[in-house]
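Let's go through this one together, question by question. Have the sequence and the 3D view open as you read.

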Amino acid sequence: MKILVAVKRVVDYNVKVRPKSDGTDVDIANVKMSINPFCEIAVEEAVRLKEKGVATEIIAISMGPKQAQEQVRTALALGADRGILVESDEDLQPLAIAKMLKAIVEKESPDLVILGKQAIDGDNNQTGQMLGALTSMPQGTFASEVNVADGRVSVTREIDGGLQTVNLSLPAIVTTDLRLNEPRYASLPNIMKAKRKPMDTFTPEDLGVDATPRVKTLSVEPPAERKAGIKVADVAELVDKLKNEAKVI
Amino acid sequence: MTTRLLNDRDIEFMLYEFLDTENLLKRSRYQEHSREVFNATLDTAKVIAEKYFAEHNAKGDANEPTFDGEKVHQIPETKEAWDAFAEAGFLAAHYDFEDEGMQMPEIILRASMAYFTAANVATSAYPFLSLGVANLIHSFASEEHKARFLPPMKDGRFSGTMALTEPGQGSALADIKTYAEPAKDGTYRIFGQKMFISGGDQSITSNILHMVLAKIKGAPAGVKGISLFICPKVLVNEDGSLGERNDVALAGLLHKMGYRNTTSTVLSFGENGGAVGYLVGEPHKGLSYMFQMMNEARIGVGMGAALLGYQGFNYSLDYARERPQGRLPSTRDPESKQISIIQHADVRRMLLAQKSYVEGGMAMCLYASSLFEDSQTGETEEIRKEAITLLDLITPMVKSWPSAYGLKANELAIQVLGGSGYIREYPVEQYYRDNRLNPIHEGTDAIHGLDLLGRKVTMDNGAGYKLFNKALATTIAEAREQSSLAEFAEQLESALNTLNTVTSTLLNKLPEGIDEGMANATIYLDLFGRVFASWIWLKQAMTATQGLAKADVQENDRNFYQGKLQANRYYFEWELPHIETQANLLMSHNLTTFEMQDAWF
């Protein structure tokens, strides 16, 4: 069984990003970049399936600038067998990413595609679902448990108010939630081994995808700072202020 | 509020801008590596440090190791952390590929270690010591002993200690009483007691290799009669399996102010017929071998001190940004919103002082590691020799300056938090207690002052001292070319002249009376350290200036570089000038303390 697992290069979760002063974007020059935590969980799940003997090959893919190959290497150091980088300096958005993943799925015919449910930079939570629609593969999103047996995958999903288990025919898409597993870290020998694992590079054009952004960022600004409170003399003044100043009643 | 570990941007700055670590990739030893591999290594270090070390830093402090007469008990997280460190491959990382290592450059190993130390200095002491012991065995032990003892050290089954100090002797090693008698089988039997042995017993590994300094019976007096032995806690059979307990007993644990999860032990050797010891190298040369480990440990101690300071700085900075208290002197309205304390000038003074100490100290130690790297893998014989010569000279400052000012930074962190800093609910008081050890172990300030003035400055006809002068002169000339830094170039030149005048004055006076001449050596050490630290800061400022000049510099980078420039300015304007007072004392051969008499107290 072949697994395709996608990893996104994002600002490290420890970094507190700030908007640029001109409000065009967040300032991420020279900040630490890492694999999106949900994608790390996806890699871990794939590696566990391989360790259990369920999977035979894991392909790790990332899309983004040339430096995104670092995240592919990390996935290789964690246990993926080979890597793919789709190199593009565009601001890659979920639809473009899903289209490119579709092209790779057609090329590689994986039995399972495991993705993070969302990335911590855009918080879109769209790519897995869009890929499902584009490929007509069944999807089990927000997975907290994944079991593969008899050509099917059963996915326990975290939903409002509890857990839901879906049983999907393969090939299928799984997107990971936080409680699915606890990812390992790369040991130093595996970091060295990862250097020698193969990695293919494509461009969006190679895959026949127009990666031009469809959604435009108008402005980025920090949330308004909380102002100091005031004391009111009595209930009447409070009601008056709520009504006439805050206009909430 | 958790404490973030160090500052990734600053580590990147130090490794790839202030130092040229990427250039190592040109050396044949590192051709298999890449910056990606270095970064992945640092990432793994950070993940393990956060997950397995930082989590029990306070717990290990609150639950110090105990001894029930049979065994040492420690919180279980200690062993989990050790195992994670070993399993990730850090104990073997710097060895050759053929020895199942990764040929990791020294500086990447040390920068990785920085995360562990910052997370939990006490638990990190175990791998720290073991790395040093393995290096010592690797450098000087026989092939047979290497084959028997190194594999279990690399995979974490054995740990190591350095057993130098005795109940009667700490700094004065010439007078140690532990002795060794040759046995018929070619090994030795060791008798004596050692004290303050860190990691001398623990609940982590199945065996411990003590590197013991002892005198073979009949050896010459003084340091020239000291030999080095491997003395395992449990004897190791030739096939590597564990045999009987050796005659090494834990006499007791010592109860420390800080670094509590590192056991500090009193060990008795040979109470039942003699502890089996294996001679390392030749007889009577033990101290020179041990100096390899001590020099490595000295850079490590300086680094640890800077990092504890760094963690206190991080915590107090975050606190100062979040804690509202008071108003500016210019604000009259008592109903106005309180400001965060970072808006008070005096709080910024305390933060900036910390920044100059901890970032200066870390840069100093990483620079020392880069010299060690050059001494091993530099392209030419000349580069290798110059690197080790300069490193020898600066080691006393690399150990002492961060130890003094990292601790000072922790004191300021407590002050920034005020009452909260003094209570155990906040981590900064522990950093202070932990850091208080660093000016003491691996040679006290006084020992390093004597070493510097009495030995290092004149060693090899002053070769190291001349290299130091040359290195500073180069920086001064370069900095002068940049208008924004010219004033600091002038100040550093003047400080270097002061150092040179003081040095020659003191050296000229020594023949008249060495006791008087060496009396103020600790002050000389501090003066030298300040000049050295100013140089390190000016080099950082030059790098920051280059960074700011880049066309595409972004806002957060601009702030980062501005911070470096302001810390540089602080150090030159607020700290460096103290050398004038020190120089006056030293050059007038002030004997106030020397002439004070016991009875007058």
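**Domains 2 and 3 of chain B**

Q: How far apart do the C-alpha centres of domain 2 of chain B and domain 3 of chain B lie?
A: The bounds come from an automatic or database domain assignment, and they put domain 2 at 158-284 and domain 3 at 285-328 + 337-442 of chain B. Between the C-alpha centres of domain 2 of chain B and domain 3 of chain B, the distance is 31 Å.

A quick note on the ground rules: this is a predicted model, where local features need pLDDT of at least 70, side-chain atom pairs count only at pLDDT 80 or more, and totals for chains, interfaces and linings use all residues. Residues are numbered from 1 along each chain as its sequence is written, chains are lettered from A and ligands numbered from 1 in the order written, and side-chain values use heavy atoms, without hydrogens and water.

Q: What area do domain 2 of chain B and domain 3 of chain B bury between them?
A: Buried area is the accessible area (1.4 Å probe) that two parts lose on being put together, summed over both. On the domain 2 side, M162(B), M257(B) and Y259(B) lose the most, together 45% of what that side buries. Carbon and sulfur atoms carry 71% of the buried area, and the total is about 1,400 Å².

Q: Which residue forms a salt bridge with E282(B)?
A: The rule wants a Lys or Arg side-chain nitrogen within 4 Å of an Asp or Glu carboxyl oxygen, and it finds one salt bridge across this interface of domain 2 and domain 3 of chain B. With its closest N and O atoms 3.2 Å apart, the partner of E282(B) is K285(B).
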